Amino acid sequence: MTTTEAPLTSGDDAAAASGAAAACHGEAASPAGPHGYSEQKDQHLKRLRRIEGQIRGLQRMVEEDVYCIDILTQVSASTKALQSFALQLLQEHLRHCVAQAAVKGGDEIDAKVAEASAAIARLLRT
């Protein structure tokens, strides 16, 4: 299947996310973590593999000329699975990165709240 996909974030969103990630772990911290999701990384990877399997199933359904409504039902299930995953990551981000910024206070908490608000807005647009 060949598609042209739009980037997940605009240039401004990507720059803000990059800067906020550095702020989450200190200015010199590497993007490698630990992140809010790090403790459940294996569970997240397992969940993403299941979602990947759903997407591959969609490809097979199209290849096998399955009825369009049946495919749309599976698209909806896949979309909900990704949304659920995103909400879990957001919750972990709030508990970890935003909570750390709240302890530090100052401009960092304002940046974290703005970052989380932007992430929520992106989730709501999808």
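## Briefing on a predicted helical model

L82 is found in helix α3, and the model in which this residue is described is a predicted one. With a relative accessible area of 41%, L82 is partly exposed, and its C-alpha atom is separated by 7.2 Å from that of I51, a residue 31 positions away along the chain. A search of the whole structure finds 3 salt bridges, which are taken up one by one further below.

- Leaving aside residues up to four places away in sequence, A81 touches I51 and Q54.
- I69 is another residue found in helix α3, and with a relative accessible area of 42% I69 is partly exposed.
- Together with Y67, L72 and V75, I69 forms a nonpolar patch on the surface, and the accessible area of these residues together is about 390 Å².

- H44 lies in helix α2, which covers residues 41–63, and H44 counts as buried because its relative accessibility is 6%, under the 20% limit.
- The residues that H44 touches, not counting those up to four places away in sequence, are Y37, F85, Q88, L89 and E92.
- D65 lies in the loop between α2 and α3, where its phi is near 55 degrees, a positive value in a residue other than glycine.
- At 70% relative accessibility, D65 counts as exposed.

**Salt bridges**

- In helix α2, E52 and R56 lie 4 residues apart, about one turn of the helix, and their side chains meet in a salt bridge with an N to O distance of 2.8 Å.
- Both ends of this pair are partly exposed, E52 with a relative accessible area of 39% and R56 with one of 46%.
- The side chains of E108 and K104 meet in a salt bridge at 3.8 Å, N to O, and K104 is exposed, with a relative accessible area of 51%.
- E115 forms a salt bridge with K112, in which the closest N and O atoms are 3.2 Å apart; these two residues are separated by about one helical turn because they lie 3 residues apart in helix α4, residues 107–125.
- E115 counts as buried at 17% relative accessibility, and K112 likewise counts as buried, at 1%.

Key:
Residues are numbered from 1 along each chain as its sequence is written. This is a predicted model: local features need pLDDT of at least 70, side-chain atom pairs count only at pLDDT 80 or more; totals for chains, interfaces and linings use all residues. Side-chain values use heavy atoms; hydrogens and water are left out. Contact means heavy atoms within 4.5 Å. Patches are made of residues with over 30% relative accessible area and no salt bridge: like charges are joined within 9 Å, nonpolar side chains (Val, Leu, Ile, Met, Phe, Trp, Tyr) within 5 Å. Accessible areas come from the Shrake-Rupley method with a 1.4 Å probe; for residues, only the protein chains shown count as cover. A salt bridge is a side-chain nitrogen of Lys or Arg within 4 Å of a carboxyl oxygen of Asp or Glu. Buried means under 20% relative accessible area, exposed over 50%, partly exposed in between (1.4 Å probe, protein chains only).
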